[in-house]
Amino acid sequence: MFSDYLGCWIYSDGKSISCVAFVLEIYKSAGLSDPIASSIQVNEFTKCSYPNINGCRTCSQDNLMRSFFNSHGQLSEPDFSKFLDKEICLGDLCEEMLVNADIFGLSSLLRELIGEGSHRQLVTTMELYHHPKFTHFVNEHFCEAIVIEYLPTGVFSDPFELQRLVDREVFLSASVFGDTNLELPYALSNISVVEIHINVKSDAQKIVVQLPLHSRYPPLNSSDYINITIGKPHLFTRCKPKISQTADCLWTLIDLGVLFGNNVTWRIPCGDALHTRAVTIITFISSIFCSVFIVLSTMYQSKKDKSKME
Amino acid sequence: MGLVNLSRMLLFSAIIRLFLLIYGEWQDAHMEVRYTDVDYLVFSDAAAMVAAGRSPFERSTYRYSPLLAFFLVPNCFLHRSWGKILFSASDLLVGLFVYSILKQRGVPEKVSLWCVAAWLFNPFTFTIGTRGNCEPIVCAVVLWIILCLMNGKVCQAAFWYGLIVHFRIYPIIYCLPFVLVISNKKSVGPSEKPILSQWVSTHKILLESSCSKVASSYSIWFSVRAIFTKEAVLFGLLSGSVFFTFTAIFFHLYGWAFLNEALLYHLTRTDPRHNFSIYFYYIYLHHQEGFSALEKLVSFLPQLIVQFTVVLQFYEDLPFCLFLQTVAFVSFNKVITAQYFVWFFCLLPLILPWSRMRLKWTGFLCISLWIGSQAHWLMWAYLLEFKGRNVFLQLWLASILFLAANTSVLLILMQHHVYAPLFQPLVHSREENSGKLE
């Protein structure tokens with residue numbers, strides 16, 4: 001009876017429901033609120049305060065970040081969160097939603113930065129909570145997972161590199177928004193946002209996203225290194241039925257909640273402003289010294305050559 | 001060396017390059033680290049834009065003449081390695097031109113072939129073309145210009161010079177020696193071609209100079225006056241017109257994007273990321289504050305003084321002058337990347353027959369100094385970029401060491417070089433001479 005119930009919280013060991021909601025659901029099943037029973041939710045949540053936010057939007061609007069960036073012209077993260085809530089929550093309640101709203105859930109989320117130096121990989125490993133209907137649902141639908149990473153100023157993703165990953169079918173698609181200048185140092189650059197789409201298969205136990213990242217030259221600091229923190233991603237799924245001709249896709253914004261443990265920190269070496277004076281003086285002295293040496297040798301050599309010729 | 005001749009050498013070089021092209025394709029497909037240079041991908045993307053009727057400058061970091069994108073359009077419909085084949089072919093052309101220049105100057109066959117081998121089998125040069133760098137084209141054109149000048153074809157030389165300065169700005173440093181060499185009075189043969197001074201074995205050079213006793217001018221003022229001969233003015237005007245014509249055409253096609261990316265970027269480039277230049281750390285430390293006019297002047301001055309001195313003292317020995325200029329230009333530049341080395345590698349075979357230096361042991365010393373200081377720099381760069389260790393100071397000191405090594409090798413080469421003007425100067429009688437000097 002309660003297997004499709006919207007009012008459940010999903011924990012790593014399965015679903016749970018609050019006492020009040022449980023009792024009220026019993027009354028509803030007993031026919032207490034007929035004939036309007038099907039339009040009443042007895043939980044204390046709406047679809048938008050449920051851990052996973054669900055909504056239906058047209059499939060053609062497939063790139064969330066692009067819609068946000070085009071309509072807002074900037075990439076502020078709090079604004080993006082509000083945008084998401086509004087866009088998804090205000091989507092129509094499509095029929096499938098009630099039945100399948102909690103198909104996607106995570107039982108664990110691991111974030112790590114692998115590699116050394118200026119070129120590393122941000123690896124996000126998401127273990128999927130295995131809902132009993134998951135396999136069937138994913139077989140009937142084209143499903144993709146969408147990861148949106150907010151990258152702080154000091155790191156960037158190379159759009160051309162991402163395109164090569166798309167060509168090799170590692171990702172379905174990948175886009176970068178915001179500062180895509182690959183050459184600027186930290187001080188002159190801005191945040192960027194990466195949106196990646198990955199195919200979800202019915203036998204998928206977990207989704208692993210490896211995003212190659214590069215660091216910029218950081219601002220000067222006397223402590224030799226600075227730490228750059230990459231926060232949590234936004235995670236969605238988007239599904240479209242394989243058979244029906246509907247133009248609507250079921251979107252689910254997956255709440256990472258307590259699963260999200262740690263921000264990832266990247267330690268980048270930086271120059272020291274204390275070196276400036278010494279470096280400037282020695283650089284110019286070396287340059288002048290070498291050039292004077294060459295000039296004197298040239299003149300001496302030239303004199304020697306021409307005296308030989310006479 | 002009996003079995004070796006130029007055609008066999010060229011054929012063997014072509015086979016090596018073809019093998020590397022194929023290997024490069026394999027490595028790109030199967031290994032994490034690509035063989036192909038990032039720049040080649042930039043050129044290819046820009047060529048794809050051009051093929052689609054768009055501007056090549058829509059491809060970010062494309063900072064070259066649109067001509068390069070045009071040349072690579074066949075990448076889109078023939079094969080993606082078309083560009084690499086073009087560059088490798090230019091590579092072989094450089095070998096051919098080196099041989100031609102040396103033979104025209106009377107260098108014996110065996111010595112010529114060794115010099116050509118110094119280019120064709122230099123691991124640095126054959127990887128450059130096969131990895132997809134466009135520098136071999138520039139080298140081929142520079143050598144072709146020297147050949148044209150040697151054969152008295154000033155107009156042709158002017159056309160190619162205007163074109164190559166449009167393509168890659170650095171050859172502008174050659175304008176003064178070209179003009180001085182054109183205007184310097186020289187003997188002319190029956191077919192109106194200038195007479196080239198012929199190679200003499202360096203063992204005999206001290207006793208019998210083929211350069212003769214001549215009033216070639218030592219006065220800078222005289223050289224400056226000499227710039228305004230008819231031929232020199234023609235050369236200047238024609239090459240300038242070619243340069244401005246191409247600039248105007250592409251400005252008309254692509255607007256300010258072309259001017260900013262292809263021209264102005266190179267003139268104002270201050271890249272704080274690490275590279276061989278001694279200025280990289282200085283630029284990084286100052287990047288946020290900007291640079292004062294005095295600092296810009298002081299960093300430009302050593303370059304300028306060296307260039308002028310070298311040109312005014314050595315312009316008559318044109319290949320030697322160009323070689324010294326190029327080494328100095330690269331060494332004192334604000335940004336140095338490995339592909340710039342090819343600019344002087346193509347001129348090195350032209351001066352080797354006139355060098356008293358032997359491979360044992362001075363030659364080995366030079367090679368070791370240069371490669372050793374580079375390897376030392378690369379080690380620190382690897383620690384910084386791939387291990388994330390803070391070694392900025394050590395890397396910067398390594399770049400100063402590299403400048404010192406470059407300077408030392410330059411001076412050793414200069415010291416061992418036998419000065420040999422390209423053209424046989426006019427022979428004046430003693431009386432005329434003294435009259436002129438008074």
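**Close-up views of a predicted two-chain model**

View 1. Apart from neighbours within four places in sequence, A:T125 is in contact (heavy atoms within 4.5 Å) with A:S108, A:L109, A:L110, A:K206, A:I207 and A:V208. A:T125 lies in strand 5 of chain A, residues 119–128, where strands (E, at least two residues) and helices (H or I, at least four) are DSSP runs numbered from the N terminus. A:T125 counts as buried because its relative accessibility is 14%, the cut-off for buried being under 20% relative accessible area with a 1.4 Å probe and protein chains only.

**View 2. The contact between chain B and chain A.** Chain B brings 59 residues to this contact and chain A brings 47 residues. The buried area, that is the accessible area (1.4 Å probe) that the two parts lose on being put together, summed over both, is about 4800 Å², with 66% given by carbon and sulfur atoms.

**View 3. The salt bridge between A:E116 and B:K387.** The count between the two chains is 1 salt bridge, defined as a side-chain nitrogen of Lys or Arg within 4 Å of a carboxyl oxygen of Asp or Glu. The side chains of A:E116 and B:K387 meet at 2.9 Å, N to O. Among the elements of chain B that give two or more residues to the side touching chain A are helix 19 (359–387) and helix 20 (392–416).

**Notes.** Residues are numbered from 1 along each chain as its sequence is written, and chains are lettered from A in the order in which they are written. In this predicted model, local features need pLDDT of at least 70 and side-chain atom pairs count only at pLDDT 80 or more, whereas totals for chains, interfaces and linings use all residues, and side-chain values use heavy atoms, with hydrogens and water left out.

Note on methods:
Buried means under 20% relative accessible area, exposed over 50%, partly exposed in between (1.4 Å probe, protein chains only).
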